[in-house]
Amino acid sequence: MSERRPARTRRRPVRTTGTLPPEGAGSALGRGHTLPVRQWPITLVLTVVLTGLAVTVFADFEDGFKYGLMVVGGGILLGAVLRLLLPEVGMLAVRSRFTDVIVLLVLGCGIVLLTMVAQPNPWLEVPLLDNIGQLIGRPRH
């Protein structure tokens, strides 16, 4: 004699379980403060990055865009340092601490490096880039 199985329901759960916030995702300050103050790490990083973008857009001197982009890269590197050192960073925490720090370091260093080799008048000369340019038909300068 076979037992009858109960029919499975395809209802969605009322509450999501098994998903945890990332490590260090708690507010940097208590509930007595306003949201931008409570989330001061991400507020600081966004302020620095937006300042760099403003310098990039509105700079009217030679190499002004490079200074702005250096500030943008520095802001992202500041985010990596804050994520690494602070126990609670609020909305600056997206994944695990290791992943967040590595991603922010790669992005920040990439922006700074590309800014330093940007033409005209690069601040950093990389001979390999000249060799690659010759391969695609650019004259050496």
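1. A helix here is a DSSP run of H or I at least four residues long, a strand is a run of E with at least two, and both are numbered from the N terminus. With that settled, Asp100 lies in helix α4, a residue we will come back to below. Please keep in mind that this is a predicted model, in which local features need pLDDT of at least 70 and side-chain atom pairs count only at pLDDT 80 or more, while totals for chains, interfaces and linings use all residues. Residues are numbered from 1 along each chain as its sequence is written, and side-chain values use heavy atoms, with hydrogens and water left out.

2. Let's start with the overall picture. The protein chain has 5 helices and 0 strands, and its elements run α-α-α-α-α from the N terminus on. Of its 141 residues, 25% are buried, where buried means under 20% relative accessible area, exposed means over 50%, and partly exposed is in between (1.4 Å probe, protein chains only). The accessible surface comes to about 10800 Å², and 65% of this belongs to carbon and sulfur atoms; the areas are from the Shrake-Rupley method with a 1.4 Å probe, and for residues only the protein chains shown count as cover. Taking contacts (heavy atoms within 4.5 Å) between residues at least 6 apart in sequence, 59% join residues at least 24 apart.

3. Helix α2 deserves a look down its axis. This helix covers residues 40-58, and its 19 residues reach 26 Å from first C-alpha to last, close to the 27 Å expected at 1.5 Å a residue; the expected span is 1.5 Å times one less than the number of residues. Pro41, Ile42, Val45, Val49 and Gly52 are buried in α2. These buried residues line one face of the helix, because they fall within an arc of 100 degrees when seen down the axis, the arc being that of the directions from the helix axis to the C-beta atoms. As background, an α-helix has 3.6 residues a turn, so residues three or four places apart point the same way. Leu50, Val57 and Phe58 are exposed on the other side of α2. The cover over the buried residues of α2 includes α3.

4. That brings us to α3. Its 22 residues reach 32 Å from the first C-alpha to the last, close to the 32 Å expected at 1.5 Å a residue. The buried residues of α3 are Gly64, Lys66, Gly68, Val72, Gly73, Gly75, Ile76, Gly79, Ala80, Leu82 and Arg83. Both α2 and α4 are included in what covers them.

5. Which residue of α3 has a relative accessible area of 0%? That is Arg83, in the helix that spans residues 64-85, and at this value Arg83 is buried. Its side chain reaches the backbone oxygen of Arg95 at 3.2 Å. For such a polar contact, a pair of N or O atoms must lie within 3.5 Å; within protein, one must be able to donate a hydrogen and the other to accept it, and residues adjacent in sequence count only if both atoms are side-chain atoms. Not counting residues up to four places away in sequence, Arg83 touches Glu23, Gly24, Val89, Leu92, Ala93, Arg95, Ser96, Arg97, Asp100 and Val101.

6. Back to Asp100, as promised. This residue counts as buried at 7% relative accessibility, and its side chain reaches the backbone nitrogen of Val94 at 2.9 Å. Beyond its neighbours within four places in sequence, Asp100 is in contact with Arg83, Leu92, Ala93, Val94 and Arg95.

7. Now for the rings. Rings of Phe, Tyr and Trp (its six-membered ring) pair if their centres lie within 6.5 Å, and planes under 30 degrees apart count as stacked, over 60 as edge-to-face and the rest as tilted. The structure holds 2 aromatic pairs. One is Phe61 with Tyr67, tilted, at 5.9 Å centre to centre and 45 degrees between the planes. The rings of Tyr67 and Trp123 have centres 5.2 Å apart and planes at 55 degrees, so this pair is tilted. It links distant parts of the chain, with Tyr67 in helix α3 and Trp123 in the loop between α4 and α5, 56 residues apart. Together, the ring pairs link Phe61, Tyr67 and Trp123 into a cluster. Phe61 is partly exposed at 45% relative accessibility, Tyr67 is partly exposed at 44%, and Trp123 is partly exposed at 33%.

8. Pro122 counts as buried at 19% relative accessibility. The C-alpha atoms of Pro122 and Lys66 are separated by 9.5 Å, with the two residues 56 apart along the chain. Leaving out residues up to four places away in sequence, Pro122 touches Lys66, Met116 and Val117.
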